[in-house]
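Subject: Structure handover

Hello,

Here is the structure you will be working with. My notes on it follow below.

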Amino acid sequence: MFDSIRTLFKDLAPAVDFCSLRFVEEASEQLTVRQNVLQPVSSGIDRGAMITVMHRGGYGYAASSDVTRAGLQDAIARAQAWAEASRGRSVVDYSAIALPRPSGLFESPASPNGKEWSRKDLIDLLMQESHACAIDPRVVDWQASVWSVASSQLYLTVDGGDIAQHFRYLIPGLAATANQGADTQTRSLGGQYNGYCRQGGLEVLEQAGFHGAGRRVAQEALDLLAAPNCPSGSMDLLLMPEQMMLQIHESIGHPLELDRILGDERNFAGTSFVTLDMFGHYQYGANLLNVTYDPTRPEQFASYGWDDDGSPAERTFLIRNGLLERPLGGAVSQARAGMAGVANSRACSWNRPPIDRMANLNIEPGSSRLDEMIRSVERGVLMDTNVSWSIDDSRNKFQFGCEFGRLIEDGELKGIVKNPNYRGISATFWRSLKAVGDQSTFNVMGTPFCGKGEPSQVIRVGHASPACLFGNIDVFGGE
Amino acid sequence: MQNYFHDLAAFLDTRLKGKEQYTCWLSAEASDFVRFNRSAIRQPGHVRQIYLSLHLIDGMRHAKTSTSLAGNLESDRPLLEYMLNGLRSRLPELPEDPHLLISTEVQSSEHISASQLPETGAIVDEALTAAQGHDMVGILAAGPLWRGFANSFGQRNWHQSASFNLDWSLYQSRDKAVKTTHAGFEWSSAEFREKFANAAAQLAMLQRTPISIRPGAYRAYLTPAALSDIIGMLNWDGLSEKALRTRQSSLRRMRDEGWQLNPAVTLAENTADGLAPAFQNEGFIKPERIALIEQGCLAGSMISPRTAKEYGIATNGADGGESANSLDLAGGALPQSRALQELDTGVFIGNLWYLNFSDRSNFRLTGMTRFATFWVENGEIKAPLNVMRFDDSLYRMLGENLLGLTRERELLIDTDTYGARSTGSMRLPGALVKELRFVL
């Protein structure tokens with residue numbers, strides 16, 4: 001398909017300042033077993049192309065699921081018309097923006113064991129984990145799933161740019177719900193929104209600890225039923241990677257998106273408490289805080305070679321020793337803001353234009369072992385696995401909840417607590433960072449479901465993090 | 001598009017083998033999306049997309065697949081063959097599905113609204129002209145959309161409309177703004193200018209020095225837009241019959257323990273007056289109205305065909321996700337014009353933002369105030385309020401603490417464009433509550 005698209009684009013490309021074609025073809029299949037019953041097996045093929053035109057200072061795009069000659073011709077004409085209509089009325093003079101002319105190939109890592117997708121074997125595995133969940137009549141619902149996606153993308157520019165990128169994603173999911181009286185508790189593998197999503201093949205199931213997880217999560221859901229509510233008060237908070245991924249995402253990732261800072265998202269996803277003048281000198285967090293945009297970790301969900309404006313992706317520090325250095329902004333935002341960013345201009349598919357998105361946004365490991373961090377806590381709570389998230393439109397006042405908590409008293413892990421929640425303010429929260437876990441506490445997480453943009457887009461992001469300890473956090477439980 | 005879909009279905013009819021049956025669902029649109037920032041164009045464009053979901057059934061074995069299509073049957077035929085063959089080859093390795101329920105009673109329907117939209121460029125011109133001298137940011141989405149259902153029993157359903165949705169904010173500074181939506185099927189310049197002028201007039205209020213309040217319980221008035229975020233949380237499995245049966249619904253205490261909301265609360269899925277198609281993607285027809293909460297008591301739920309089969313009950317045409325598309329909350333006795341006077345002293349909430357559960361068992365929600373939210377004293381707006389986080393239970397907000405619902409209601413057309421332009425809507429009044437708990 002790539003070759004026929006190349007030929008068509010060569011034939012049809014208009015005489016304009018800049019024109020690109022981004023073709024996406026994505027095949028997926030999802031298997032789910034709920035309460036030992038295979039749910040309707042679903043698969044899909046989604047293919048289409050977006051034409052982008054920049055001409056005489058204007059900008060326009062047009063996308064179509066019709067990738068025949070006639071379909072692309074129509075898209076080119078519409079993109080040109082919008083570029084003409086926006087000339088002199090755009091938020092930026094696009095003639096001042098030079099997009100790259102990239103060339104190359106990117107591929108997700110090959111599976112080390114060479115195992116291929118076998119529907120029958122996977123259904124057997126899901127059935128096995130599903131049956132393993134049914135350990136008690138109080139376990140009232142449960143399901144196990146695996147979702148695979150193969151995505152191929154071709155990016156062409158009118159001046160000869162040509163990038164092919166081939167991605168393979170695997171997205172496991174497993175959750176069990178227990179009920180007793182008015183209380184219902186759910187425990188999951190990596191969260192109910194597929195936190196163990198990664199690039200690669202079936203090896204991701206091993207990496208996620210999928211085998212044997214059914215019984216474990218069901219038992220933990222029962223344990224939560226028997227547990228007291230999380231206590232309330234100001235105390236230490238030890239966050240494990242399954243919650244850290246959400247903390248990073250909401251209170252570092254979104255505030256650092258340059259398009260938010262420039263105001264594009266104010267009508268929908270919101271603005272940011274971060275302003276352009278903060279970069280280079282604002283102390284975002286404690287000295288222990290080191291945050292990277294890292295598209296180079298092969299197994300991580302949002303690794304890639306180039307973003308959707310053709311900029312090459314390179315690992316970059318955004319926050320170093322607590323100091324804010326650089327925003328998450330692609331080529332267009334960088335030109336508008338007059339500052340360096342990263343290659344994160346991304347679209348969720350062929351039918352949405354690229355905007356500034358998180359990709360892999362990670363906290364670098366520190367030097368504290370988990371037992372050392374626990375020993376240092378006089379009174380606190382360990383929280384794991386996000387279940388609730390809410391933050392204001394400037395990405396400042398947040399409140400997050402977790403599936404699972406454990407008390408920490410006098411340097412020792414104590415009993416389980418349920419409904420653990422905490423709240424804080426981004427601008428001060430990261431300064432209360434007391435310790436950053438070492439490599440042994442580090443895990444690679446992500447989500448397929450980051451929403452943003454007008455028109456709206458749900459995109460894949462990755463967040464790797466060690467366990468982190470924070471001091472004097474407002475913690476509370478359920479009613 | 002309708003002819004294309006019918007030809008496509010006729011083609012599928014000829015490709016079935018043995019006792020195979022199929023259902024298919026078409027979701028298509030041709031949308032202009034024009035994004036604004038700082039009263040200028042940020043990203044203008046056009047998206048033409050056609051998606052088909054195909055469901056092949058052989059006895060109690062079945063599988064689904066979906067694909068994007070060109071919209072030209074000559075081009076699409078090989079892909080349709082490929083889809084069908086792929087499903088056919090998959091079925092033997094799948095177990096029989098005890099929860100499969102298909103619609104065999106043929107109930108065809110057609111709803112076609114001819115487009116009355118002007119050229120999108122004309123709307124853009126009006127928006128940019130009005131925005132001069134302001135800081136406007138937002139999105140215009142406009143164009144036709146199509147939904148179709150067909151099955152091998154001969155049922156054909158078609159829903160076609162052309163709509164626009166201009167959703168914009170006027171910013172005063174930082175996070176202080178007024179948000180407005182102008183949406184419908186027929187563009188009215190006069191109505192747009194009136195809405196824009198009303199929003200611009202509110203900006204004057206936002207110029208006042210903002211007030212910060214301490215955490216605590218405050219009397220509050222929620223506009224219909226603000227209330228829509230709270231009511232929208234019912235679609236997070238609250239109204240789902242499956243979630244109620246598995247004790248995961250946030251309303252489970254109403255079902256299991258007889259908990260009630262305020263008797264003023266009567267909520268329905270009102271398909272007859274909504275914008276969504278009256279058929280779902282497996283071909284079941286939606287009733288005109290489903291009573292969900294009657295005078296504060298849980299009266300119904302959204303029941304998908306699959307849940308119906310699993311629990312041996314009747315479906316009411318809910319989609320697989322068992323969420324409502326056209327929620328309708330009955331109005332009350334409070335005239336909207338008296339909302340500020342009745343609020344007296346407290347918080348006037350124009351919009352809420354980013355709601356989530358803090359304790360689902362007790363339907364306790366947290367979220368933020370946003371946009372035009374004001375501190376009111378003695379029935380008069382004093383100043384904009386800096387954003388506050390609330391954390392409170394629906395059972396309190398719309399239960400013992402509900403003082404009244406407004407007589408007037410607003411039709412709120414969903415601006416959601418995830419994957420496709422939404423056909424959802426809500427018709428809601430405003431709500432006056434005795435106290436709302438703010439925590440940060």
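A:Arg89 and B:Asp125 pair through their side chains in a salt bridge, with N to O at 2.8 Å. The term salt bridge means here a side-chain nitrogen of Lys or Arg within 4 Å of a carboxyl oxygen of Asp or Glu. Side chains of opposite charge can pair when their charged atoms come close.

Before the rest, some ground rules. This is a predicted model, in which local features need pLDDT of at least 70, side-chain atom pairs count only at pLDDT 80 or more, and totals for chains, interfaces and linings use all residues. Residues are numbered from 1 along each chain as its sequence is written, chains are lettered from A and ligands numbered from 1 in the order in which they are written, and side-chain values use heavy atoms, with hydrogens and water left out.

The interface

Chain A and chain B bury about 7400 Å² between them, and 46% of that is on carbon and sulfur atoms. Buried area is the accessible area (1.4 Å probe) that two parts lose on being put together, summed over both. Of the area that chain A buries against chain B, 11% comes from A:Trp82, A:Arg266 and A:Asn267, more than from any other three residues. The contact (heavy atoms within 4.5 Å) involves 93 residues of chain A and 89 residues of chain B.

Salt bridges

Over all chains there are 60 salt bridges, and 10 are found across the interface of chain A and chain B. A:Arg34 forms one with B:Glu310, the closest N and O atoms being 2.9 Å apart. That pair crosses between chains, from strand β1 (residues 18–34) of chain A to helix α8 (residues 305–311) of chain B. Helices (H or I, at least four residues) and strands (E, at least two) are DSSP runs, numbered from the N terminus. Both A:Arg34 and B:Glu310 are buried; buried means under 20% relative accessible area, exposed over 50%, and partly exposed in between (1.4 Å probe, protein chains only).

Within chain B, the side chains of B:Arg409 and B:Asp328 meet in a salt bridge at 2.7 Å, N to O. B:Arg409 is in strand β17 and B:Asp328 in strand β12 (residues 326–329), so the pair ties together parts that are 81 residues apart in sequence. B:Arg409 is partly exposed at 33% relative accessible area, whereas B:Asp328 is buried at 12%.

B:Arg396 also has a salt bridge, with B:Asp392, and the closest N and O atoms are 2.7 Å apart. B:Arg396 counts as buried at 13% relative accessibility, and B:Asp392 counts as buried at 0%. Both belong to a network of salt bridges that also links A:Arg423, A:Asp474, A:Glu479, B:Arg364 and B:Asp391.

A glycine in chain B

B:Gly399 lies in helix α10 (residues 394–400) of chain B. Its relative accessibility is 5%, so B:Gly399 counts as buried. The C-alpha atoms of B:Gly399 and B:Gly296 are 7.9 Å apart, although 103 residues separate the two along the chain.

Record annotation

An unreviewed UniProt entry places "domain: Metalloprotease TldD/E C-terminal" at residues 215–437 of chain B. UniProt positions are given in the numbering used here, feature names are shortened, and annotations may be inferred rather than shown by experiment. Over residues 215–437 chain B is 17% helix and 39% strand, with the end C-alpha atoms 8 Å apart.

Regards
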